[in-house]
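This briefing covers a strand with its pairing partners, and then a disulfide. The sequence and structure come before the notes.

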Amino acid sequence: MLIHRLGVLAALPVLGVIATGQIPVIDGVLGGTSKSSNVPANSQLFSIAATTPGKLRVVENSGVCETTPGVYQASGYGDLTATQSIWFWFFASRTNPDTAPLALWFNGGPGSSSMIGLFQENGPCRITTDSSTVTRNPYSWNNQANVLYIDQPVGVGFSHGDLKVGTSQQAAADIWTFLQIFFSDSRFAKYQNNNLAIWTES
């Protein structure tokens, strides 16, 4: 039941990016990769929103999960390459976001979606028993920190692409690249000088 709720709720923030074509649908699979090298010219592969390597694609203040008035949230993709994108969800601190530390959250592995930590552990919302709404988590880590949840490596959760990651070192290289993209974006550049904490579970 909880997994069902997580699945339903995890889909909510991506509805906007699905509608705009940011998540590819390949061979009928959301975020999939083609099994054949002969992709027809009219395939959805060619009709999705173009990735821009080195840039973010972001939906801001969706109203999903963080419901505290005036608290900023953003979700989307950091495009590592034209075929590899890392999914993230950022929540500004409910208290002094300009000076609060930045906490990076990774669920275990690498290989487990960080949306588990967001929805079941330390994120700003909890899934309600009706499986279609959320309630504010008064104990969220973003009470005191800016929190960045990242699905990693490519191929985990909503992160997608043609990369096959086999080691933690390979995953770390992609996270390094993602963070360079994240901090170069004007919406998030101000956080690069804040204290940084890296949290994970495995």
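A residue counts as buried when its relative accessible area is under 20%. By that cut-off, eight of the nine residues of strand β4 (residues 73-81) are buried, and the strand is mostly covered. The model is predicted.

**Strand pairing around β4**
- Strand β3 (residues 56-60) runs antiparallel to β4, and five bridges join them.
- Within this pairing, V58 is placed opposite G76 of β4.
- Strand β5 (residues 84-91) also pairs with β4 in the antiparallel sense, over eight bridges.
- In β5, W87 stands opposite Y77.

**The disulfide**
- One disulfide is found in a search of the whole structure.
- Its partners are C65 and C125, with sulfur atoms 2.2 Å apart.
- The two cysteines lie 60 residues apart and link distant parts of the chain: C65 sits in the loop between β3 and β4, while C125 belongs to strand β7 (residues 125-127).
- The disulfide is left-handed because the torsion about the S-S bond of C65 and C125 is about -95°.

**Burial of the cysteines**
- C65 has a relative accessible area of 0%, so this residue is buried.
- C125 is likewise at 0% relative accessibility and therefore counts as buried.

Notes:
Residues are numbered from 1 along each chain as its sequence is written. This is a predicted model: local features need pLDDT of at least 70, side-chain atom pairs count only at pLDDT 80 or more; totals for chains, interfaces and linings use all residues. Side-chain values use heavy atoms; hydrogens and water are left out. Buried means under 20% relative accessible area, exposed over 50%, partly exposed in between (1.4 Å probe, protein chains only). Helices (H or I, at least four residues) and strands (E, at least two) are DSSP runs, numbered from the N terminus. Two strands pair if DSSP finds at least two bridges between them. A disulfide is a pair of cysteine sulfur atoms within 2.5 Å.
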